[in-house]
Every structure is written in C-alpha cells, then in structure tokens.
Amino acid sequence: MEPIIEARHLSHTYVDGQNQEMTALKDINLSIMPGEFIAIIGTNGSGKSTLARHFNALLTPTEGKCLVGGLDTSVEANLWPVRQTVGMVFQNPDNQIVAAIVEEDVAFGLENIGVPGPEIRPRVEAALETVGMTAYAKHAPHRLSGGQKQRIAIAGVLALEPKCIVFDEPTAMLDPKGRKDIVETVLKLNKEKQITIIYITHKMEEAILADRIIAMNQGHIEMEGTPKEVFTQVDRIRKLGLECPLAAEVANALQKGGHKLPPILTHEELCQALCPSK
Amino acid sequence: MLTEITLGQYYPGESVVHHLDPRTKILGVLFYMVMVFLANSPLSYGLLIAFLIAATALAKLPPGLLLKSIKPLWIIILLTLVLHFFTDPGEVLWHWKVFTITKEGIIMGIKMSLRLVLLLLVSSLMTFTTSPIVLTDGIESLLRPFKRVGVPAHELAMMMTIALRFIPTLLEETDRIMKAQMSRGADFSSGNIVQRAKNLLPILIPLFISSFRRADELALAMEARCYHGGEGRTRMHELVYQKRDGAAAFILVLLFAVLVFLRWGMPA
Ligand SMILES: Nc1ncnc2c1ncn2[C@@H]1O[C@H](COP(=O)(O)OP(=O)(O)OP(=O)(O)O)[C@@H](O)[C@H]1O
Ligand SMILES: [Mg+2]
C-alpha cells in the first residue's frame, strides 16, 4: 500500500522579520499509511504544529520533500488536491468558524472548492450527522459550548470528505465533557470511516488511543512506536519533558521495586496485573 | 450585559414580506426612495404612506415597532420642520419680532420631514424583516455584475459575514477584559470624558491584540479549508426569485406609474 503522507528529509526553517533564522524541523522522515491513527506528542516548541502544517501545504518544506497521496506539496498545482485530501482542525474552536450559522459554516469548504449548490446540502447534513450536531444546523455558533463548536469545526472539515484529518490539540481548550465528545468523534472517524488521523496532544490519556505514537523533541522525531513501546520507556519520556500515563508510571515504579509486570498503559491493565482475580 | 446586544434589528417571522428575496427588498427600498422624492401632492404622499402601512401589516410586525425606529432621528426631523417653518420666504401667516412663519414654509417643512420619516420607515421595514445574514447574500448577489468594474462584491460579503460571526465573540471578550481590569481596580464610570477615554485603553489594547491573533488563526483555518477568494466559489443557498417577488415588483411599478401620472400626467 502507498503511504498517504510521506516526509523525506523534511526540514523547515522560519525566517522572522529581523532575518533571524529558526530551524523548527530537522530532517524528518516519516510514512503514514491510510487508516492509521497517529498521535504526535512533544513539549511546547518541539515542532508538532510546524510538522502538521506541512501535511496540508499550509507550510512547505524549506529542505526535503513532503508527499501527500503521492503529490509533492511544494508544487503549486497540487495545493488544492492536497488540502482536499488532508483536512485540519485547530485548537481554538472560536477562531476556525467562519459563518454566523452552523450549516453555512459546514458548507464553507464545499463552496470554496466549487461543489454545485444542490450537492452541498446532503453533504453538510451527512457531516453534521456524523458529529452528532444535526439538531444545531440553524444555530448561531457563538451560542454553542466549546465542545459543540469544535464538533462543528470537525464537520466543516469532514464535509470535504478528506482521506486524512490533522487535529492540532483539539481538546486543549475544552472541559472534560467536551474533551470526551471530541475523542469519541475522532475514534469514530478512524474506526467507522477509515479516515487517517494525525492527532497532536499534550494529554497522554488521549495519545494512548493511537496505533502509533511519535514523540518529538527540538525539531526531530525522538521516539516512535506503539503506545506500549513508547510509554514503557518511562525514563526516556521523562527526559523529553513529558509525562507517561499514571498507570504506566506506577507500573514502572513497581518494576523498579522488583515486581514482575507486563507492559502497562491503562488503569484497567494495572488493576488486572495487580489483582488478576478481578 | 454587553453580550445581550443583538445585531441589527431583525424581528423574526414567517410572513410573505420576511420570505421575499433579499434582492427584491433591497431594490424595492431603493425604488421606494426614488418615489418619495417624486411625490409632490398630498394624494401621492397618501399613497406612499398607505403602501407602507399595508406592507407593515403584511409583515405582521407589531404596530409601533416601526415607529420606534424614528426615535434616534427625531431631533433631526423636528429641526427640519422648524427650520423650514421659520426660514422659507413666502406668504406671511404669523409675525413676531424676527420670527415669521410663511405658508410655503409650513408646506415645505411638513413635506421634508415627511420624506425623512418615510425614508427611515421603509429602510427599517427591510431590516426588521431580513436577517443580516440574508441581507449580506442579497448585497453580494446584487453587486456581482459590477465586479468587472472593480467592485469587490465577494470580498465585501465575506467581510460582512465574518463581522457578523465575530461581533458577538468580541463583545463577549470585551466584557471579560472589562471584568478582569475592574477586578484589578480599573474604574470605567467616573471622571471627565478625557479621563474616561484614557481608562478605556486597558480594554482596547488587549482587545486589539487578541483580535489580530484571532484574524491570523481564522485566515489559516480558512486557507486549510481551501478558501481562495471568490473565484469559482459556489453557494449552498443560491438566491432564486419566486412568484411573490414578481408580485412585489408589480405592485411597486404600479405605484410608480400612479405617482408619475399624479406628477406629470394631470392637467395643472
Ligand atoms: N511563524 C513563526 N516564525 C518563527 N518561528 C516560529 C513560527 N512558528 C513557530 N515558530 C517556532 O518554531 C518552533 C516550533 O513551533 P511549533 O509551533 O511547531 O511547536 P509545537 O510543538 O506545536 O508547540 P506547542 O505545543 O506549543 O503547540 C518554536 O520554537 C517556535 O517558536
Ligand atoms: Mg502547536
């Protein structure tokens, strides 16, 4: 199978107003297969957002290449196909909703790519249905809760029927209920619609849901593997300035104390390992 | 508080007038304004007023709602009336020291203030029965033919849409910043005008900074959703003229014909 996203020796250097150079990404090599659920973790400023913005050509590599569905994102003619293939959901739900009515906002992307008027409505309705916001089609976005706004933003991306969606800390501004709704929606998109997910987060409980975790540090990929492979290396994760899920930390401490335990990520697994009878 | 401010003065409803195409209403209002300046006899003014009353009744607006829209401008209306009363030359009806009232003055005063009132009422009728969002669609569609001569129809409409979307959000934010500054001892309600204006700075600066950040993020989000200006863009709701728009146009043209006849067609 062809990878849906491929980074080859990708580097990115920002040049700011005073001609100061800042290398945010260094020689990234990465392949993402269709249907994968990838979580990207890393401290502030480690380059997660910069990397994510290469995947739908909001940024282009200053060195190396980024291929989306086999198309080079640096080629001007590939811009719109690339952005239709990879959608993007941002952190602040308020600042990505354009229209003053929910359904008009969901239609925004479709109007941009010139879908004929009569075909737009069914796609808007389907997208709202998927995120469970059908009842709010005619509402004003500013009256909705943060979690609801974020689901509208997801619907707006979903309406374009992308093969892949990049989420850049979508739950950072939400309360626990809103966070749960978004995580459930993301899982649903991945499992039911086979949409490739790239999920940037600082919350390790969310990261462990992924098939593969990429841990970034100072512009390069420091660790890569399944959640088990990554989070059982508690000391290495700590050195990156990150935390492991609580259960993994407890298991690690117990292992250091001489207990024999299998690799552990979740509370359930920890309970199971400690009291097998339950 | 601040967030309770509603945008425009839309009065939701399901009447025929509400459902008229926004383009019909905009053009209709412009046409009506022309007619207001065409009218020159009591009968023609009577017809214009009758049309307005009929349209208001058809729109099922509560009586008095429309009259309220005169309120902000009542001083100007009164001033028009009084100035004409006392300054127009003509047949003197009443005289006291430097003050004279003439017959022509009275007629002109009433005519001018009536025109003002009619202009106000007819535009309010439109804004009461059309939501700002629909109005934006109408304006965009009407301006589209003028794109070739450089009118940025789509850009204007997009600006209005974003403004409508973000004004409530920014009001909320202003409220929050005000409360934050008040909790640090800021005082917005005392002092003279200069002091009060100065006191607003701690609100305006954070508001500006956050607006720029919002604009930046919004631009990125729009680009990510394939926005590239008005070219090749379609709309979910294409505006389509209905039979009722034809009917409205017919009535307006009829009114126009009668007014033209009353002005030029009648033997003096
Ligand atoms: N527009 C820009 N101009 C210059 N430097 C930038 C720009 N955007 C980001 N950077 C720098 O690039 C580095 C990586 O930033 P990036 O936003 O990708 O980090 P991040 O991992 O997403 O962090 P966070 O967790 O805070 O979102 C940072 O050091 C940042 O200061
Ligand atoms: Mg970031």
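**Entry 1: largest cavity**

I looked up the lining of the largest cavity in this predicted model and found 16 residues. Glu104(A), Met158(B), Thr161(B), Arg233(B) and Arg235(B) are the ones nearest the cavity's centre. α8(B) has the largest share, 5 residues. Sorted by class, I have 7 nonpolar, 3 polar and 6 charged residues in the lining. I noted a volume of about 170 Å³ for this cavity. The search of the whole structure gave me 4 cavities of 30 Å³ or more.

**Entry 2: largest pocket**

I went on to the largest pocket and noted about 1,300 Å³ of space in it. Its lining has 43 residues, and I listed those closest to the centre: Ile101(A), Tyr10(B), Ser131(B), Ile133(B) and Val134(B). For elements that give two or more residues, I have α3 from chain A, and from chain B α1 (16-19), α2 (22-38), α7, α8 and α10 (243-265). Which element gives the most to the pocket lining? I found α8(B), with 6 residues. By class, the pocket lining splits into 19 nonpolar, 12 polar and 12 charged residues.

**Entry 3: contact between chain A and chain B**

I turned to the interface and counted 39 residues of chain A and 28 residues of chain B in the contact. Asn95(A), Glu111(A) and Asn112(A) give 22% of what chain A buries against chain B, more than any other three residues. I have about 3,100 Å² for the area buried between the two chains, with 57% of it from carbon and sulfur atoms.

Next I looked up polar pairs across the interface. The count between chain A and chain B is 15 residue pairs in polar contact, both residues at pLDDT 80 or more. On the chain A side, α2 (79-85), α3 (102-112) and α4 (117-130) each supply at least two of the residues that touch chain B. α3(A) gives the most, with 10 residues. I classed this side of chain A as 20 nonpolar, 11 polar and 8 charged residues.

How many salt bridges does the rule find across the interface? I recorded 6. I checked one pair by name: Arg83(A) and Glu223(B) form a salt bridge through their side chains, at 3.3 Å from N to O.

Notes
Residues are numbered from 1 along each chain as its sequence is written. Chains are lettered from A and ligands numbered from 1 in the order in which they are written. This is a predicted model: local features need pLDDT of at least 70, side-chain atom pairs count only at pLDDT 80 or more; totals for chains, interfaces and linings use all residues. Side-chain values use heavy atoms; hydrogens and water are left out. Contact means heavy atoms within 4.5 Å. Buried area is the accessible area (1.4 Å probe) that two parts lose on being put together, summed over both. A salt bridge is a side-chain nitrogen of Lys or Arg within 4 Å of a carboxyl oxygen of Asp or Glu. A polar contact is a pair of N or O atoms within 3.5 Å; within protein, one must be able to donate a hydrogen and the other to accept it, and residues adjacent in sequence count only if both atoms are side-chain atoms. Helices (H or I, at least four residues) and strands (E, at least two) are DSSP runs, numbered from the N terminus. Ala, Val, Leu, Ile, Met, Phe, Trp, Tyr, Cys and Pro count as nonpolar, Asp, Glu, Lys and Arg as charged, and the others, Gly among them, as polar. On a 1 Å grid over the protein atoms alone, a cavity is a set of points where a 1.4 Å probe fits but cannot get out, and a pocket is an open set with protein on both sides within 12 Å along at least five of seven lines; lining residues have an atom within 4 Å of a point. Grid points are joined across faces, edges and corners, and a volume is the space filled by probe spheres set on the points.
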